[in-house]
Amino acid sequence: MKSAVIVFPGSNCDRDAHDALALMTGSAPSMVWHRETDLPAGLDLIMVPGGFSYGDYLRSGAIAGRSPVMREVAKAAEGGTPVLGVCNGFQVLTETGLLPGALLRNAGLNFVCKIADLDVANSQTRFTAAYSGPARIGIPVAHHDGNYFADEETLDRLEGEGQVAFRYAEDINGSARRIAGVMNERGNVLGMMPHPERAVDPVLGGADGRAVFESLMGAA
Amino acid sequence: MKAVVHVELKPGVLDPQGKAIAHALNGLGFEDVSGARVGKVITLDLGDADAANAEQRVAEMCEKLLANTVIERYRVEIEG
């Protein structure tokens, strides 16, 4: 599987993403700097990693969302390439309009950093097919702006169309309907606040994130 | 010419920071404060001499970058 990780000034989970993809897919991803105006050809996955792109100035993910490389990512997504945005990457994808909604400051105002219990809300997607049904999994979270917001009509539509991929087992940040991860309508773009790339090796506290990558490899 | 852009969360969007500020003001004895909302003010220096044109350009900037209209609304003032 051929993958790429987008790197912004201030990204800090790009190397975790790199190592997880190398481990899971057997080949190292291309690391693509934010100023690039071309992506490698034939990608099976583009990962937009976590961190504090551009210092999170203006709004989390706002400046990164308008960077040159994101125009290419948007084009690739429109062409059907799978895109996975984690944490700050999720914020970037909402800012570019590739995913509905927005991420607000956590309702409790605290930075939340722990292993969160998640429910796989839809295991019939290209990102979750390797989970067996509605599983309960533990995936690390580390964020300040993870409070998912969308208007009621959008939330109803997301749930009706099966676009909610993951839900927090309990409320940790105020997210509407405890949404932890959502997909676009076509199902090839997923944004999630929890970090599956930090949960691919039991030595690091858990391996419940492996199935996200296994799902993608199964679909590639 | 300057443009002053006010960006604030839409009514109905939770503003936990505002809530914390209102709570702290109440704690200081300002019991009359029943709510607070936190926004941003962005001042732009513009080369444009035409106020009407500038206003339109700045609105475009708000839509494209300065505000996220999913959660925020904005207001523009042009200063000569």
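Predicted model: local features only at pLDDT ≥ 70, side-chain atom pairs only at ≥ 80, totals over all residues.
Student: What makes strands β1 and β3 of chain A a pair?

Tutor: Two strands pair if DSSP finds at least two bridges between them. Strand β1 (residues 3-7) and strand β3 (residues 45-48) of chain A are joined by three bridges and run parallel, so they meet the rule for a pair. Residues are numbered from 1 along each chain as its sequence is written, chains are lettered from A and ligands numbered from 1 in the order in which they are written, and side-chain values use heavy atoms, with hydrogens and water left out.

Student: Which strands form the open sheet, and in what order?

Tutor: The order in chain A is β2-β1-β3-β4-β11-β10-β9-β6-β7, nine strands with mixed pairing. Strands here are DSSP runs (E, at least two residues), numbered from the N terminus, as are helices (H or I, at least four).

Student: Why are β2 and β7 of chain A said to stand at the edges?

Tutor: Each of β2 (30-33) and β7 (136-143) has a single partner strand, so one side of each is left without a neighbour in the sheet.

Student: What makes R59(A) and E72(B) a salt bridge?

Tutor: The rule asks for a side-chain nitrogen of Lys or Arg within 4 Å of a carboxyl oxygen of Asp or Glu. In R59(A) and E72(B) the closest N and O atoms are 3.6 Å apart, so the pair qualifies. The rule finds one salt bridge across the interface of chain A and chain B.

Student: How do you know which parts of chain A touch chain B?

Tutor: β5 (102-104) and β8 (147-149) of chain A each supply at least two residues of the side that touches chain B. Contact means heavy atoms within 4.5 Å, and 14 residues of chain A are in contact with 16 residues of chain B.

Student: What is the area buried between chain A and chain B?

Tutor: About 1,200 Å² is buried between them, 69% of it on carbon and sulfur atoms. Buried area is the accessible area (1.4 Å probe) that two parts lose on being put together, summed over both.

Student: What is noted about phi of Y54(A)?

Tutor: Phi of Y54(A) is near 50°, a positive value in a residue other than glycine. Y54(A) is placed in the loop between β3 and α2 (62-65) of chain A.
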